[in-house]
Amino acid sequence: MLRWPLFPVLVHGPSMAPTLRHGDMLLVRRGGRVRAGDVVVARFRVRPDLLVVKRAARPQAGGWWLVGDNDLVTDDSRAYGVADVLGRVVCRYWPRPALLRARPAAPGTPGAGTGHGPHQV
């Protein structure tokens, strides 16, 4: 099976606001190097059925500790632990096209598909 290096993802929920909003469509690069501050698509080891978009905070236990940009939503590594990153978000292509750049972790932050259409996360 041929796997393209890029795949689309549809954001579901408010955990990455204000950076990303519910309904945003993203383009994700499979694999590759991840750095702290990158926005990534991943699966938590304790919830392998759940595909998420979060910010990589730090490498931990052979995976990544992930956090959402919205401090009021805690459905990230604080709730589910370490995650395995599938790819790094390259850009938002709809409805407000923009490149997504890495952002340093905020002070106090711990560690200061199939190709048949967008995955929903």
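This is a predicted model: local features need pLDDT of at least 70, side-chain atom pairs count only at pLDDT 80 or more; totals for chains, interfaces and linings use all residues.
The largest nonpolar core has 13 residues, and a second, separate core has nine. The structure also holds one aromatic pair.

**Strands S1 and S2**
- Strand S1 covers residues 6–10, and its covered face carries Phe 7 and Val 9.
- Leu 6, Pro 8 and Leu 10 sit on the uncovered face of S1.
- S1 teams up with strand S2 (residues 25–30) in the antiparallel sense, over five bridges.
- If you want a spot to start looking, find Pro 8, which stands opposite Leu 27 in S2.

**The nonpolar cores**
- Inside the largest core, the residues with the most contacts are Val 9, Leu 20, Leu 26, Val 41, Val 53 and Val 89.
- As background, nonpolar side chains in soluble globular proteins tend to be buried together.

**Asp 24, tucked into a loop**
- Asp 24 belongs to the loop between S1 and S2.
- Its relative accessibility is 1%, so Asp 24 counts as buried.
- A polar atom of the Asp 24 side chain lies 2.8 Å from the backbone nitrogen of Arg 21.
- The side chains of Asp 24 and Arg 96 make a polar contact at 3.3 Å.
- Setting aside neighbours within four places in sequence, Asp 24 is in contact with Val 9, Leu 10, Val 11, Thr 19, Arg 92, Trp 94, Pro 95 and Arg 96.

**The aromatic pair**
- A pair of aromatic rings is described by the distance of the centres and the angle of the planes.
- There is one such pair in the structure: Phe 44 and Tyr 80, with 5.2 Å centre to centre and 40° between the planes, which makes it tilted.
- The pair links distant parts of the chain, with Phe 44 in strand S3 (residues 39–44) and Tyr 80 in helix H1 (residues 77–80), 36 residues apart.
- Phe 44 is buried, with a relative accessible area of 1%, whereas Tyr 80 has 23% relative accessibility and so counts as partly exposed.

Key: Residues are numbered from 1 along each chain as its sequence is written. Side-chain values use heavy atoms; hydrogens and water are left out. Buried means under 20% relative accessible area, exposed over 50%, partly exposed in between (1.4 Å probe, protein chains only). Helices (H or I, at least four residues) and strands (E, at least two) are DSSP runs, numbered from the N terminus. Two strands pair if DSSP finds at least two bridges between them. Rings of Phe, Tyr and Trp (its six-membered ring) pair if their centres lie within 6.5 Å; planes under 30 degrees apart count as stacked, over 60 as edge-to-face and the rest as tilted. A polar contact is a pair of N or O atoms within 3.5 Å; within protein, one must be able to donate a hydrogen and the other to accept it, and residues adjacent in sequence count only if both atoms are side-chain atoms. Contact means heavy atoms within 4.5 Å. A nonpolar core is a set of buried Ala, Val, Leu, Ile, Met, Phe, Trp, Tyr and Cys residues joined through side-chain atoms within 4.5 Å.
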